[in-house]
Amino acid sequence: MFIQRKPFLRDIQRIRIPENRNLEKGLRLNRNERVDVWPKDLLAKIFADKPAYFLSVYPDSAGLYKKLSDHIGVDESKIMLTSGMDSGIKTLWEIMTEPGDHVGVPGPTYAMYYVYNRIFQTKLTQIDYIPETLKLNWKQLNEFIDSKPIMLFIPNPNQPIEDPLSVDQIAYIAERTRQNNTLFVIDEAYYMFGSETAIDLIDEYENLVVLRSFSKGFGVPSIRLGYMVSNEQNMNILTKTRPAHESNSLRNAVGEYLLDHYDLVDEYIKNIIEGRTYLKEKLANLGVRCNGEVANYLLIDLINPEKCQQVVSLLNKKLIYVKGNYAPPWDKYILITVGPREIMARFIDVMKEAVQKFSLK
(Lines give C-alpha, C1' and ligand atoms only; values in the text may rest on other atoms or scores of the structure.)
Protein backbone atom coordinates (compact mmCIF):
# COMPACT_ATOMS: atom_id res chain seq x y z
CA MET A 1 0.00 0.00 0.00
CA PHE A 2 1.57 3.26 -1.13
CA ILE A 3 -0.42 5.69 1.05
CA GLN A 4 0.87 4.91 4.55
CA ARG A 5 1.29 8.27 6.27
CA LYS A 6 -1.97 7.99 8.23
CA PRO A 7 -2.53 4.25 8.72
CA PHE A 8 -5.47 4.83 11.11
CA LEU A 9 -7.57 5.86 8.10
CA ARG A 10 -7.70 2.20 7.01
CA ASP A 11 -9.84 1.39 10.03
CA ILE A 12 -12.49 4.02 9.32
CA GLN A 13 -15.48 2.47 7.58
CA ARG A 14 -17.03 4.73 4.93
CA ILE A 15 -19.58 3.70 2.33
CA ARG A 16 -21.53 5.64 -0.26
CA ILE A 17 -25.18 5.47 0.76
CA PRO A 18 -26.80 3.24 -1.87
CA GLU A 19 -29.83 4.65 -3.66
CA ASN A 20 -31.99 1.57 -3.17
CA ARG A 21 -35.30 3.43 -2.94
CA ASN A 22 -38.01 3.55 -5.57
CA LEU A 23 -37.80 7.28 -6.30
CA GLU A 24 -40.78 7.26 -8.66
CA LYS A 25 -43.35 5.43 -6.52
CA GLY A 26 -41.81 5.48 -3.06
CA LEU A 27 -42.38 7.90 -0.20
CA ARG A 28 -38.97 9.24 0.84
CA LEU A 29 -39.17 9.85 4.60
CA ASN A 30 -35.75 8.55 5.67
CA ARG A 31 -33.18 11.21 4.74
CA ASN A 32 -34.63 14.61 5.69
CA GLU A 33 -34.99 15.55 2.04
CA ARG A 34 -37.79 17.49 0.42
CA VAL A 35 -40.57 14.89 0.31
CA ASP A 36 -42.50 16.41 -2.59
CA VAL A 37 -40.90 17.50 -5.86
CA TRP A 38 -40.14 20.79 -7.56
CA PRO A 39 -42.03 21.68 -10.76
CA LYS A 40 -40.43 20.12 -13.83
CA ASP A 41 -39.83 23.49 -15.43
CA LEU A 42 -37.94 24.96 -12.48
CA LEU A 43 -34.46 24.23 -13.82
CA ALA A 44 -35.39 25.72 -17.19
CA LYS A 45 -36.51 28.92 -15.44
CA ILE A 46 -33.32 29.06 -13.36
CA PHE A 47 -30.97 28.75 -16.34
CA ALA A 48 -33.07 30.46 -19.00
CA ASP A 49 -31.31 33.83 -18.79
CA LYS A 50 -27.77 32.55 -18.35
CA PRO A 51 -25.27 33.69 -21.00
CA ALA A 52 -23.81 31.36 -23.60
CA TYR A 53 -20.46 31.32 -21.77
CA PHE A 54 -22.08 30.23 -18.48
CA LEU A 55 -20.57 26.71 -18.44
CA SER A 56 -17.29 27.80 -20.08
CA VAL A 57 -15.91 30.06 -17.36
CA TYR A 58 -14.99 29.65 -13.71
CA PRO A 59 -17.77 30.46 -11.22
CA ASP A 60 -18.31 33.94 -9.82
CA SER A 61 -19.99 33.73 -6.42
CA ALA A 62 -20.25 37.48 -5.87
CA GLY A 63 -23.94 37.57 -6.78
CA LEU A 64 -24.85 34.81 -4.34
CA TYR A 65 -22.85 36.43 -1.54
CA LYS A 66 -24.69 39.72 -2.11
CA LYS A 67 -28.14 38.15 -2.17
CA LEU A 68 -27.43 35.96 0.84
CA SER A 69 -26.05 38.93 2.77
CA ASP A 70 -29.19 40.95 2.05
CA HIS A 71 -31.43 38.02 2.95
CA ILE A 72 -29.95 37.23 6.37
CA GLY A 73 -28.95 40.79 7.25
CA VAL A 74 -25.26 40.01 7.75
CA ASP A 75 -22.35 41.69 6.00
CA GLU A 76 -20.67 39.64 3.25
CA SER A 77 -17.38 39.78 5.18
CA LYS A 78 -18.98 37.54 7.83
CA ILE A 79 -20.16 34.81 5.43
CA MET A 80 -18.39 31.93 3.71
CA LEU A 81 -20.07 29.57 1.25
CA THR A 82 -19.41 25.86 1.74
CA SER A 83 -20.09 22.66 -0.14
CA GLY A 84 -22.97 21.62 2.06
CA MET A 85 -22.83 22.08 5.80
CA ASP A 86 -20.49 19.12 6.31
CA SER A 87 -17.76 21.00 4.42
CA GLY A 88 -18.05 23.77 7.02
CA ILE A 89 -17.82 21.23 9.84
CA LYS A 90 -14.70 19.73 8.26
CA THR A 91 -13.11 23.17 7.85
CA LEU A 92 -13.58 23.93 11.55
CA TRP A 93 -12.07 20.58 12.54
CA GLU A 94 -9.08 21.22 10.26
CA ILE A 95 -8.42 24.69 11.61
CA MET A 96 -9.19 24.18 15.28
CA THR A 97 -7.93 20.75 16.27
CA GLU A 98 -4.82 18.69 16.75
CA PRO A 99 -4.92 14.94 17.48
CA GLY A 100 -6.12 14.35 21.01
CA ASP A 101 -8.04 17.62 21.33
CA HIS A 102 -11.39 17.46 23.09
CA VAL A 103 -14.56 18.07 21.03
CA GLY A 104 -18.21 17.68 22.05
CA VAL A 105 -21.55 17.01 20.35
CA PRO A 106 -24.99 16.08 21.65
CA GLY A 107 -25.94 12.58 20.70
CA PRO A 108 -27.23 10.84 18.79
CA THR A 109 -26.74 13.38 16.02
CA TYR A 110 -25.48 13.89 12.45
CA ALA A 111 -23.16 11.04 11.47
CA MET A 112 -20.40 13.22 9.98
CA TYR A 113 -19.47 14.57 13.42
CA TYR A 114 -18.35 11.07 14.36
CA VAL A 115 -16.56 10.60 11.04
CA TYR A 116 -14.52 13.81 11.29
CA ASN A 117 -13.65 13.00 14.88
CA ARG A 118 -11.99 9.81 13.70
CA ILE A 119 -10.33 11.39 10.66
CA PHE A 120 -8.74 14.15 12.76
CA GLN A 121 -8.06 11.82 15.73
CA THR A 122 -9.73 14.00 18.32
CA LYS A 123 -11.40 12.93 21.54
CA LEU A 124 -15.17 13.14 21.12
CA THR A 125 -17.56 13.45 24.06
CA GLN A 126 -21.21 12.76 23.34
CA ILE A 127 -23.54 14.77 25.57
CA ASP A 128 -26.58 12.55 25.98
CA TYR A 129 -30.28 13.12 25.78
CA ILE A 130 -32.31 11.78 28.70
CA PRO A 131 -34.43 8.87 27.37
CA GLU A 132 -37.36 9.53 29.71
CA THR A 133 -37.73 13.22 28.80
CA LEU A 134 -36.01 13.55 25.40
CA LYS A 135 -34.17 16.55 26.84
CA LEU A 136 -30.47 17.37 26.64
CA ASN A 137 -28.55 16.41 29.78
CA TRP A 138 -27.46 19.86 30.98
CA LYS A 139 -25.44 18.41 33.84
CA GLN A 140 -23.28 16.55 31.31
CA LEU A 141 -23.12 19.64 29.12
CA ASN A 142 -21.86 21.87 31.93
CA GLU A 143 -19.34 19.25 33.04
CA PHE A 144 -18.08 19.01 29.48
CA ILE A 145 -17.67 22.80 29.21
CA ASP A 146 -15.82 22.77 32.55
CA SER A 147 -13.26 20.40 31.00
CA LYS A 148 -12.18 23.31 28.71
CA PRO A 149 -12.61 21.54 25.35
CA ILE A 150 -11.36 23.01 22.10
CA MET A 151 -14.76 22.95 20.36
CA LEU A 152 -18.46 22.28 21.02
CA PHE A 153 -21.01 21.63 18.27
CA ILE A 154 -24.73 21.84 19.02
CA PRO A 155 -27.29 21.38 16.24
CA ASN A 156 -30.33 23.54 16.98
CA PRO A 157 -32.65 21.75 16.64
CA ASN A 158 -30.80 18.46 16.80
CA GLN A 159 -31.78 15.39 14.83
CA PRO A 160 -33.22 12.84 15.61
CA ILE A 161 -33.98 14.23 19.10
CA GLU A 162 -35.06 17.84 18.83
CA ASP A 163 -35.04 19.68 22.20
CA PRO A 164 -34.48 23.12 20.63
CA LEU A 165 -32.47 25.80 22.42
CA SER A 166 -33.76 29.32 22.98
CA VAL A 167 -31.59 32.35 22.19
CA ASP A 168 -31.10 32.84 25.95
CA GLN A 169 -29.84 29.28 26.32
CA ILE A 170 -27.51 29.72 23.35
CA ALA A 171 -26.16 32.94 24.88
CA TYR A 172 -25.59 31.14 28.19
CA ILE A 173 -23.58 28.39 26.48
CA ALA A 174 -21.70 30.95 24.36
CA GLU A 175 -20.65 32.86 27.47
CA ARG A 176 -19.58 29.74 29.38
CA THR A 177 -17.57 28.40 26.43
CA ARG A 178 -15.99 31.80 25.80
CA GLN A 179 -14.72 31.87 29.38
CA ASN A 180 -13.05 28.51 28.73
CA ASN A 181 -11.65 29.50 25.31
CA THR A 182 -13.88 26.99 23.52
CA LEU A 183 -15.20 27.52 20.00
CA PHE A 184 -19.00 27.17 20.09
CA VAL A 185 -20.63 26.10 16.81
CA ILE A 186 -24.38 26.19 16.30
CA ASP A 187 -25.56 23.91 13.47
CA GLU A 188 -28.77 25.48 12.14
CA ALA A 189 -29.55 23.00 9.37
CA TYR A 190 -33.19 22.75 10.49
CA TYR A 191 -33.84 26.19 12.00
CA MET A 192 -36.14 27.45 9.22
CA PHE A 193 -39.11 25.33 10.35
CA GLY A 194 -39.65 27.17 13.64
CA SER A 195 -36.50 27.20 15.76
CA GLU A 196 -34.76 30.30 17.13
CA THR A 197 -31.49 31.39 15.53
CA ALA A 198 -28.14 32.39 16.99
CA ILE A 199 -27.15 34.57 14.07
CA ASP A 200 -27.73 37.85 15.92
CA LEU A 201 -25.18 36.80 18.57
CA ILE A 202 -22.12 36.44 16.31
CA ASP A 203 -20.71 39.87 17.16
CA GLU A 204 -21.50 39.63 20.86
CA TYR A 205 -19.65 36.33 21.32
CA GLU A 206 -16.35 36.13 19.47
CA ASN A 207 -16.22 32.35 19.94
CA LEU A 208 -19.51 31.71 18.09
CA VAL A 209 -19.89 30.24 14.58
CA VAL A 210 -23.24 29.50 12.91
CA LEU A 211 -23.59 26.87 10.18
CA ARG A 212 -26.51 26.80 7.74
CA SER A 213 -27.66 24.81 4.73
CA PHE A 214 -29.82 25.11 1.62
CA SER A 215 -30.71 21.41 1.92
CA LYS A 216 -33.57 21.56 4.43
CA GLY A 217 -35.54 24.82 4.55
CA PHE A 218 -34.76 25.69 0.92
CA GLY A 219 -35.49 22.10 -0.13
CA VAL A 220 -32.54 21.59 -2.52
CA PRO A 221 -30.17 19.01 -0.95
CA SER A 222 -28.96 17.97 -4.41
CA ILE A 223 -26.94 21.17 -4.94
CA ARG A 224 -24.82 20.73 -1.76
CA LEU A 225 -24.80 24.39 -0.76
CA GLY A 226 -24.20 25.65 2.76
CA TYR A 227 -22.58 28.59 4.49
CA MET A 228 -20.99 29.59 7.75
CA VAL A 229 -21.39 32.89 9.58
CA SER A 230 -19.18 34.41 12.26
CA ASN A 231 -17.67 37.73 13.23
CA GLU A 232 -15.33 39.42 10.77
CA GLN A 233 -12.16 38.53 12.68
CA ASN A 234 -12.99 34.82 12.70
CA MET A 235 -14.07 34.85 9.09
CA ASN A 236 -10.82 36.52 8.07
CA ILE A 237 -9.13 33.30 9.21
CA LEU A 238 -11.77 30.83 8.04
CA THR A 239 -11.91 32.19 4.51
CA LYS A 240 -8.18 31.59 4.09
CA THR A 241 -8.97 27.86 3.94
CA ARG A 242 -11.48 28.02 1.09
CA PRO A 243 -10.60 26.22 -2.16
CA ALA A 244 -10.00 28.17 -5.36
CA HIS A 245 -13.79 28.36 -5.76
CA GLU A 246 -15.89 27.62 -2.68
CA SER A 247 -19.00 27.12 -4.81
CA ASN A 248 -19.83 26.48 -8.46
CA SER A 249 -21.95 28.20 -11.06
CA LEU A 250 -24.75 25.60 -11.07
CA ARG A 251 -25.38 25.70 -7.33
CA ASN A 252 -24.96 29.47 -7.29
CA ALA A 253 -27.65 29.82 -9.94
CA VAL A 254 -30.12 27.72 -7.95
CA GLY A 255 -29.31 29.53 -4.70
CA GLU A 256 -29.69 32.95 -6.29
CA TYR A 257 -32.98 32.02 -7.92
CA LEU A 258 -34.50 30.80 -4.65
CA LEU A 259 -33.36 33.95 -2.84
CA ASP A 260 -34.91 36.06 -5.62
CA HIS A 261 -38.12 34.00 -5.47
CA TYR A 262 -38.26 33.43 -1.74
CA ASP A 263 -42.05 33.07 -1.90
CA LEU A 264 -41.37 29.54 -3.22
CA VAL A 265 -39.38 28.76 -0.08
CA ASP A 266 -41.97 30.35 2.18
CA GLU A 267 -44.73 28.28 0.61
CA TYR A 268 -42.70 25.09 1.03
CA ILE A 269 -42.01 25.81 4.72
CA LYS A 270 -45.70 26.62 5.30
CA ASN A 271 -46.65 23.26 3.75
CA ILE A 272 -44.18 21.40 5.97
CA ILE A 273 -45.47 23.06 9.14
CA GLU A 274 -49.06 22.20 8.13
CA GLY A 275 -47.97 18.63 7.40
CA ARG A 276 -46.26 18.40 10.79
CA THR A 277 -49.41 19.58 12.59
CA TYR A 278 -51.52 17.10 10.60
CA LEU A 279 -49.22 14.18 11.39
CA LYS A 280 -49.09 14.93 15.10
CA GLU A 281 -52.87 15.13 15.31
CA LYS A 282 -53.40 11.89 13.38
CA LEU A 283 -50.74 9.99 15.34
CA ALA A 284 -52.23 11.21 18.62
CA ASN A 285 -55.65 9.98 17.49
CA LEU A 286 -54.06 6.58 16.83
CA GLY A 287 -52.51 6.55 20.30
CA VAL A 288 -48.97 6.80 18.90
CA ARG A 289 -46.57 9.17 20.64
CA CYS A 290 -44.20 11.40 18.73
CA ASN A 291 -41.71 14.19 19.39
CA GLY A 292 -41.17 17.24 17.21
CA GLU A 293 -42.08 20.92 17.34
CA VAL A 294 -39.74 23.02 15.19
CA ALA A 295 -38.17 20.88 12.47
CA ASN A 296 -39.13 18.93 9.34
CA TYR A 297 -39.10 15.54 11.06
CA LEU A 298 -40.89 13.64 13.81
CA LEU A 299 -39.46 11.02 16.16
CA ILE A 300 -42.11 8.33 16.61
CA ASP A 301 -42.24 6.02 19.64
CA LEU A 302 -43.17 2.44 18.67
CA ILE A 303 -43.07 0.97 22.21
CA ASN A 304 -40.15 -1.49 21.84
CA PRO A 305 -37.45 -2.51 19.33
CA GLU A 306 -39.38 -5.56 18.08
CA LYS A 307 -42.52 -3.61 17.24
CA CYS A 308 -40.37 -0.87 15.74
CA GLN A 309 -38.78 -3.26 13.25
CA GLN A 310 -42.16 -4.79 12.42
CA VAL A 311 -43.48 -1.35 11.52
CA VAL A 312 -40.35 -0.49 9.51
CA SER A 313 -40.76 -3.74 7.55
CA LEU A 314 -44.43 -3.05 6.85
CA LEU A 315 -43.67 0.48 5.69
CA ASN A 316 -40.88 -0.77 3.41
CA LYS A 317 -43.29 -3.22 1.78
CA LYS A 318 -45.52 -0.27 1.03
CA LEU A 319 -42.53 1.64 -0.43
CA ILE A 320 -42.50 4.07 2.48
CA TYR A 321 -38.91 4.62 3.59
CA VAL A 322 -38.22 5.68 7.18
CA LYS A 323 -35.18 5.73 9.45
CA GLY A 324 -35.38 3.04 12.09
CA ASN A 325 -31.90 1.74 12.81
CA TYR A 326 -30.98 3.59 16.02
CA ALA A 327 -28.83 2.07 18.74
CA PRO A 328 -30.28 1.49 22.24
CA PRO A 329 -31.95 3.19 24.04
CA TRP A 330 -33.35 4.80 20.88
CA ASP A 331 -34.10 1.57 19.04
CA LYS A 332 -37.84 1.80 19.69
CA TYR A 333 -38.10 4.94 17.55
CA ILE A 334 -38.40 5.72 13.88
CA LEU A 335 -37.63 9.13 12.40
CA ILE A 336 -39.76 10.38 9.53
CA THR A 337 -39.29 13.42 7.33
CA VAL A 338 -42.39 15.59 7.11
CA GLY A 339 -43.93 16.48 3.78
CA PRO A 340 -47.09 18.30 2.73
CA ARG A 341 -50.30 17.12 4.34
CA GLU A 342 -51.74 15.47 1.23
CA ILE A 343 -48.61 13.35 0.77
CA MET A 344 -48.35 12.35 4.42
CA ALA A 345 -51.88 10.89 4.35
CA ARG A 346 -50.30 7.84 2.69
CA PHE A 347 -48.05 7.32 5.72
CA ILE A 348 -50.97 7.69 8.13
CA ASP A 349 -52.98 5.07 6.23
CA VAL A 350 -50.21 2.51 6.77
CA MET A 351 -49.78 3.55 10.41
CA LYS A 352 -53.47 2.82 10.98
CA GLU A 353 -52.82 -0.69 9.71
CA ALA A 354 -49.71 -1.00 11.88
CA VAL A 355 -51.53 0.07 15.05
CA GLN A 356 -54.08 -2.72 14.58
CA LYS A 357 -51.65 -5.36 13.38
CA PHE A 358 -48.90 -4.84 15.99
CA SER A 359 -50.91 -3.50 18.97
CA LEU A 360 -49.04 -0.18 19.14
CA LYS A 361 -51.38 1.50 21.63
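Visitor: Which residues does Asp163 touch, not counting residues up to four places away in sequence?

Guide: Asp163 touches Tyr129, Leu134, Lys135 and Leu136, where contact means heavy atoms within 4.5 Å. This is a predicted model, in which local features need pLDDT of at least 70, side-chain atom pairs count only at pLDDT 80 or more, and totals for chains, interfaces and linings use all residues. Residues are numbered from 1 along each chain as its sequence is written, and side-chain values use heavy atoms, with hydrogens and water left out.

Visitor: Is Asp163 buried or exposed?

Guide: Asp163 is buried, with a relative accessible area of 15%. Buried means under 20% relative accessible area, exposed over 50%, and partly exposed in between (1.4 Å probe, protein chains only).

Visitor: What lies 2.7 Å from a polar atom of the Asp163 side chain?

Guide: The backbone nitrogen of Leu136.

Visitor: Where is Asp163 found?

Guide: In the loop between strand 6 (151-155) and helix 6 (167-179). Helices (H or I, at least four residues) and strands (E, at least two) are DSSP runs, numbered from the N terminus.

Visitor: New topic. Pro328: buried or exposed?

Guide: Pro328 is exposed, at 63% relative accessible area. Its place is in the loop between strand 12 (320-321) and strand 13 (333-337).

Visitor: What is the strand order in the open sheet?

Guide: The order is 10-11-13, with antiparallel pairing. Strand 10 (290-291) and strand 13 are at the edges with a single partner strand each, so one side of each has no neighbour in the sheet. Two strands pair if DSSP finds at least two bridges between them.

Visitor: How many bridges join strand 10 to strand 11?

Guide: Two. Cys290 stands opposite Ile300 in strand 11.

Note on methods
Polar contact = N/O pair within 3.5 Å; in protein donor to acceptor, adjacent residues only side chain to side chain.
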